[in-house]
Each structure stands twice: as structure tokens, then as C-alpha cells.
Amino acid sequence: MSMLITGIGELVTCDGGTEGAVEDPLHAGLGVLRDAAVVVGGGGEDTAPVVEWIGPADRAPAADWAVDLEGRAVVPGFVDSHSHLVFAGDRSAEFAARMSGTPYDGGGIAVTVSATRAASDGELRSLLQHRVQEMRSQGTTTVEVKSGYGLTVEDEVRALRLGGEVTSEVTYLGAHVVPPERRDGSSGGRAAYLDLVCGEMLEACAPYARWVDVFCEPASPHAFDGEESRRVLEAGRAAGLGLRVHGNQLGEGPGVRLAVELGAASVDHCTYLSDADVEALAGGGTVATLLPGVEFSTRQPYPDARRLLDAGVEVAVATDCNPGTCYSSSMPLMIALAVREMGMTPAEALLAATVGGAQALRRNDIGRVVVGRRADLAVVDAPSWLHIPYRVGVPVVRALEI
Ligand SMILES: N=CN[C@@H](CCC(=O)O)C(=O)O
Ligand SMILES: [Zn+2]
């Protein structure tokens, strides 16, 4: 079965090599075709639909059935390469305290850990599914999901198993923080927890995960320093997992350079960067993933995306959707913040939310609209993709259900 999607006012392929694309600085690198059509084929229970043809609507081939978008814009589905969707409980009061000046230090993670441990599988599954649906309704078609609110072998495995029900991009984050019951040393303390994270917990979790991550943040008493983080990442790599790092969120530190040195796919946050960090990122194969919803929700300064882009660093933008630092699932909001607060052009922000996210997950089948690749599309209820940041806070974009 094939489907013709026609009446596309603007098709944004996010592929700079698209033939016949609009050429002007506003659309640089976006591969925008006007009055376009897309033919999508395949797709079944186990296979994703594929783009079979793109081009001008008046030259589109016939298909089994057709849908007319009546002049709306189409963009690649957003790739949200950083989220913590498996959790229970509520921390809205912590948000309120931050808005009146209380700084974030990671201590609230313990609140979510207790609520998540206490929730049943069914409760967690339903919360997770609801959050993924919320993302799709705002244009996200791929999401990475981390564990990190279980912090026992059983609870971490459970989070990864549930995450695997909604995405193949599942990340083991046993090294989120030292769990509360181990902070007084009574059941083994910090060193013993690290042994567990790199030993028995890793062994149990690796079959359910594609990635390992660590909250590398010497500025937080709850998270991990450079040497501890190196140990977690090296153990994860030896277990066959790809590497991701939470780095430089609360202050300058070793996270970014460690991520680049070990060949991580992505280092996320990058809020506080030294010149040496930027230099390392520019020369390495690690994507800098910026999470502007975190700065919004913690009142921290926004990272300087312009500095990174001008240095030639690959940049992604993601939500970090989690109950502590950013309880937003909205990629359109992140794009708007990237433009308004981080010095990105609208085109750069859209690329960071699509191709950038794909690169941060080391995927080349998503993030662009290209013949032969997955048909992950989002529809903008407007004549131009620019309405995504322009109509901030208005739900103008949704995943196209094919
Ligand atoms: N910084 C570490 N982890 C999350 C926040 C988790 C929480 O506070 O619940 C983040 O990416 O910001
Ligand atoms: Zn995070």
C-alpha cells in the first residue's frame, strides 16, 4: 500500500542536498520545497513506513490513496534525544521554590525515586504512555528514555523494560545519583553503590539498554565526579553500551571533556563551558545536546549555542522531560527557547531538533525526509514551518499518523 501526501505548502526535508530547494539564508540547510508532495510506502506491524518519492505536487505519481494537507507545512518528526519519562510522583512545589530563588542541586531526585519505587508496573506504564502520546501530539516521533529513578537492580531493570515498550533508544542511568538510603553509609555507601552500578546492576540492565549515561557533576553532592563517571562509562562500554553523559549542567567540570575523550555520542546540558570544552567538542565526534527547558525551569543562564555553532560543534536540542529540572515534553517550546534565548536562527534550531537529535543517537534513518528513509513526519497547522517558534505556546505541530 502506498499513500500520497499532497497539498504540502512547504516541505522541510532538513536535507541540504534536496533538489529544487528554496535558496536563501532564512532556509539555509533546510531543503525546503514549496507546493510539494510525498509518497510513503510499506509499513506494517513490524516495519516502519518509508519515503518513496518527494517532489512538486503537480508531478507526483499515483498512489493507493491520498491525503490533501491543504497548504500546511510538513517537517521531519522531532527527535527528542534526552528524556527521563519513567517516573511517578510530583515535584511542582520544588519548581515553585526555585522560582523564588532556591537553587537546583539534584537533591529532589530522591523524592522521585521513592514515588517511582512505590508505583506498580501498570501505573508507571500508563504514565509513560501518556507522556509519549503528549510528545507525539507536539510533533515528536522518536524519543530516548532513561532509567535513573529506580536505583536498585530490580527498579532499574523495570524502568528499562518499560522504556523498551515505547522506544528502542533506552538508556541505563543507574549512575543518576547515589540513592538516598546509601548516603549515610549504612547499607554500603557511595563506593559500594558505584560497585553495584558497574557490576551486578549493569549486568542485569545491559540487555534492556542501548546506552549508558552518568550524571557527571562534581558541583552536586548527589552526583558523580570525573573519575567515578569514567568508571561507569568504561564499564558500560565493556558491556556493549554506547555512551552518553550529563555534563556541565551546574558548573564547569570534567563532563564534556570526558565525553569527548571516551567517544560518547552526546554530552547533554553543556550549560557552563570553558574554551577548552568548546575546543574539544569542535574537534571530536560528540554532539552537544542543549536542554533549554532546564534553564527555563531552574532559572539558570541559557547555554550559548551561538558560541558552539560558530566553533563548528554539532548541536542538538532536546526536552530532558523529567519531574525535576524540566517537566515539559514540548520540542516546539525548546525550538522557540533556542531561538529566543540561545542565539540560534530558526533554521538552526529546527535542524538541531531533527538532524541534530538523530546524530546524538547515532541514527541516520530519522530526522530528515529523504527517499528510502523512514517516513517520520510532522504536520504544521500553518503555511510555514516558521510558525513553530513564531506561535510559541500554541499547539501548531503534531506527528502525522501514517
Ligand atoms: N541532572 C540530572 N538529571 C535530570 C534531572 C533529574 C531530576 O531532578 O529529577 C536532568 O537531566 O536535569
Ligand atoms: Zn537528563
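1. A nonpolar core is taken here as a set of buried Ala, Val, Leu, Ile, Met, Phe, Trp, Tyr and Cys residues joined through C-beta atoms within 7 Å. A residue counts as buried if 20 or more other C-beta atoms, placed from the backbone, lie within 10 Å of its own. The model is predicted: local features need pLDDT of at least 70, and side-chain atom pairs count only at pLDDT 80 or more, whereas totals for chains, interfaces and linings use all residues. Residues are numbered from 1 along each chain as its sequence is written, and chains are lettered from A and ligands numbered from 1 in the order in which they are written.

2. The largest nonpolar core has 129 residues, of which Leu11, Val12, Val38, Val317, Ile335, Ala338 and Leu350 touch the most other members. Helix H13 (residues 346-360) supplies the largest share of this core, nine residues. Both domain 1 (2-77 + 367-399) and domain 2 (79-360) contribute residues, so the core lies between them; these bounds come from an automatic or database domain assignment.

3. Leaving aside residues up to four places away in sequence, Ile335 touches Val317, Ala349, Leu350, Ala353, Ile388 and Pro389. Contact requires C-beta atoms, placed from the backbone, within 7 Å.

4. Strand S9 (residues 170-175) is largely enclosed by the rest of the structure, because six of its six residues are buried. Strands (E, at least two residues) and helices (H or I, at least four) are DSSP runs, numbered from the N terminus.

5. S9 pairs in the parallel sense with strand S8 (residues 145-146) over two bridges, and Lys146 stands opposite Thr171. Pairing requires at least two DSSP bridges. S9 also runs parallel to strand S10 (residues 211-216), joined by three bridges, with Tyr172 opposite Val212.

Note on methods
Buried ≥ 20, exposed ≤ 12 C-beta atoms within 10 Å, placed from the backbone. Contact = placed C-beta atoms within 7 Å.
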